[in-house]
Amino acid sequence: MSGELGQPQAGPSHAGLDLPNPERNRAGVPGGVIRRAGAQGRRSWIQKVLEQITDSPLQWVTPSEVVPVAVLAVQRYLLEDEPRDTIPKPPLYCYDVTISDGVYQEKCYLDPSLNFLVYKNILKVGIEMKISRVSCLYNEKRLGQGILCIDNVHCGETLEDISLETPFRNSAHEEVPERPLRGGKSHYLALWNNEDPYGDIWLTNKQPEEHNFNNTKIISLSHLEMTWSNRRNFPALLVRILHKSKLRYYGKPDKKMIEPYQTFLEVADSSGTVSVIMWNALCPEWYKSLRVGLVLLLQDYSVKKSYPFRMQPLPVDPQIKLISTMEICLNLRDPPTNIIIIPEKQVKPEWRLPKLNHRFITRSELDDMPENHICDVIGILVFVGRVQRSKKKESREDFWSYRWIHIADGTSEQPFIVELFSTSQPEIFENIYPMTYFVCTQLKLVRNDAQVPKLLYLTTTNESRVFLTGHRGQPYTNDIKNANRPSTSQATRRENQSQERDNNKQYQDDDPMGSQYFPATHESLSPTKKKRILQGPCAKLIPVPQPETSPQRGNRPDTPNIFQRRESTSAGVQGKARKTISDRWESPLWREKKFGLIDHLHYSCVHPESIPRKFIFEQRKFLTEQFNSQPAKYIPPEGRPPKLEDFKSARSLGHFEVTILGLNHEIAIDVAFLPMYSPEDLRTSQIDTLLTCMNYSCVYPQETPGNDRLPRALAGDIIKAVTKLDKVHIVGILDICNLGNNKVEVYLHKIYSPTNTS
């Protein structure tokens, strides 16, 4: 036998299961046929391992020679239940890892016991990896067919130069669209969330086409609402898209659906507006081609009673009736829906289709808006936070992806602060950077005027859409022309001037673009959220005025300068206070107990990648990559990339190291406290107590021009305040931030003084 672990049959390398979708049910089995290779050219380590495992009577083998391989791709998908499973399992996301030994590439199945390496961002693309144990997962229905499984690995450092010229040893892995090695799924998911479209199945080639309406019967939405329950066949609908939601993935292990996606379109004609639900395989075919403002002709749809608990977005025109008793369903079959995009030039005035009406507001108007107000904003990005993730449910592996951004429009000294969740537009979400003209629609206002400082920011909704450049032809263009909005240069100049006057100084620097910056790190995380209560006195406080620390944290939207962290978990810590020698304070209790501790946890270090960096336009591609989540596929760098440490810190107020002693005086933990300036002039309060200071994570020092380190007067005020907490019982909330690669930071988020400790 002369070959390789190839696949003689045509088709992709997924499990040979009977698929419910005949259009996507091609012949194929995992891996293919395992054969011996002839001696030609350089020997492939991958090929030698495959031959070793076929000769072994064991289900797994240790390679006779462990050779480093390069990781080229880490791709995620949902594994279906096996036929023998009788009890439904929670979703199990699996990973296919593509490796290269310099001769061949091979796509391998990662044993689920190693998934934590992906969660912690240890196993990622671009690194060197040594595989110390492998197995082969055979297709028991066919002879000699299987996939290579990785059972044990050691992940090394990032490689500087990786060749992508090596061919796949199994040509089936080169097929388009790519398909997972196991299960009946036709596609991979995005690596870090389920909302983003990922892979080649998501088409973008749908174009407007002129339609002959002579033989097309059209029904209005209001007439359809009155008659749909008595109809079997429905005439066509001629509507305009007013809103488009992000994708919803509803795949489950026990549901053998090939493409379990759903999205909502809010469409309208002259008689009303209604929700349209696009299901399953239609989403990959149409989602990326449909945009707000397009006119659609819908044929062969179905109608059902609307879901009672779904909130429809507000209509763009209050005169248009909101139809909430029915929903329009678009499916690939039963019946197969026909969708036609009508060119705008063919749209006739007598159709009276509603026009879009955006709700653009200025930053100066935002302060007067009520909570939950829906609005659209436009301006220049002056701050882009790194991508973070938060769990949707504690017991699941599903996450939301989001980042914080600041948008300046020149009408106020303060920017819009936006909590930007993924809107199923990864091409934009992953490519935003400062100095860019940015539009975000359907934002909801979050505010709490009772808090000090006041809580005021915007967050995305299910129908939010974002736009970067190329505004010509976008649905909001006419609204912008009519808005009282500064030009790009004017907004930039006014923003820079306002930052120079701002007592906050969170963007302070010498050059005129000092307000544009990135926060740090390129590590992608997946921590678990736990709440713990540790009781005891606070013991020590030390100011650390180092230039490479940021004074702000990622989940604090109540100040303009938000320190972005990837993931954070909350843990409760209860304690009391600790010591002072000139610039530091130490409790007498700490001096007595510190040498008899059972354990002293040290987590007060602020790593360089957690520092916001000044944005340099010429390095925008490198910086953008650094602050995104890790990609699913390796992207070769252009030339020799710079180092993150080479970029100047955006601001450096330093931080405090706080030690909290447990109530039993046996365990202590060092954590970092990052003070930040308040955006309001509250000098009269100064730092009355450390409790107030830490409760709002801000301080109110006098302005200190030219000093971007932690002012000595500020440190003295805080140290003076902390002495009042000596031996006081406190409850503290910690942010635990996993930076990946076994690096963890712990920040003191808030502290409380309980009135009843019994």
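Tutor: Let's start with a pair of strands: β15 and strand β19 (residues 437-448) run antiparallel and are joined by 6 bridges. Keep in mind that this is a predicted model.

Student: What makes β15 and β19 a pair of strands?

Tutor: Pairing requires at least two bridges between the strands. β15 and β19 have 6 bridges, so they count as paired. One example is V377, whose bridge partner in β19 is C440.

Student: How do you know that β15 also pairs with β17?

Tutor: The requirement is again at least two bridges, and 4 bridges join β15 to strand β17 (residues 399-408), so this is a pair as well. These two strands run antiparallel. Here I380 has A408 as its bridge partner in β17.

Student: Why is β15 called largely enclosed?

Tutor: A residue is buried when its relative accessible area is under 20%. In strand β15 (residues 374-384), 11 of the 11 residues are buried, so the rest of the structure largely encloses this strand.

Student: Let's turn to charges. Why is the contact between K48 and E65 called a salt bridge?

Tutor: The cut-off is 4 Å between a side-chain nitrogen of Lys or Arg and a carboxyl oxygen of Asp or Glu. The closest N and O atoms of K48 and E65 are 3.4 Å apart, so the pair qualifies. K48 sits in helix α1 (residues 45-55) and E65 in the loop between β1 (60-61) and β2 (69-79), so parts 17 residues apart in sequence are tied together.

Student: What makes K48 and E65 partly exposed rather than buried or exposed?

Tutor: Partly exposed covers the range between the buried limit, under 20%, and the exposed limit, over 50%. K48 has a relative accessible area of 32%, and E65 has 40%, so both carry that label.

Student: Which label does E327 get, buried or exposed?

Tutor: Buried: its relative accessibility is 4%, and the limit is under 20%. E327 forms a salt bridge with K304, with the closest N and O atoms 4.0 Å apart. The pair links distant parts of the chain, with E327 in strand β13 (residues 322-330) and K304 in strand β12 (residues 302-305), 23 residues apart. K304 counts as partly exposed, at 34% relative accessibility.

Student: How do you know that E625 and K621 are about one helical turn apart?

Tutor: Both lie in helix α10 (residues 620-626), and they are 4 residues apart, so about one helical turn separates them. E625 is partly exposed at 38%, as is K621 at 40%.

Student: What makes K107, E178 and K633 one network?

Tutor: They are joined by salt bridges that share partners. In the whole structure, a search finds 15 salt bridges.

Student: Which residues touch the most other members of the largest nonpolar core?

Tutor: L224, Y301 and I328 do, in a core of 37 residues. Strand β13 gives the most to this core, with 4 residues. Leaving aside neighbours within four places in sequence, Y301 is in contact with residues including L224, F234, I328 and P335. There is also a second, separate core of 36 residues, with V69, V74, V134 and W192 among them.

Notes:
Residues are numbered from 1 along each chain as its sequence is written. This is a predicted model: local features need pLDDT of at least 70, side-chain atom pairs count only at pLDDT 80 or more; totals for chains, interfaces and linings use all residues. Side-chain values use heavy atoms; hydrogens and water are left out. Buried means under 20% relative accessible area, exposed over 50%, partly exposed in between (1.4 Å probe, protein chains only). A nonpolar core is a set of buried Ala, Val, Leu, Ile, Met, Phe, Trp, Tyr and Cys residues joined through side-chain atoms within 4.5 Å. Contact means heavy atoms within 4.5 Å.
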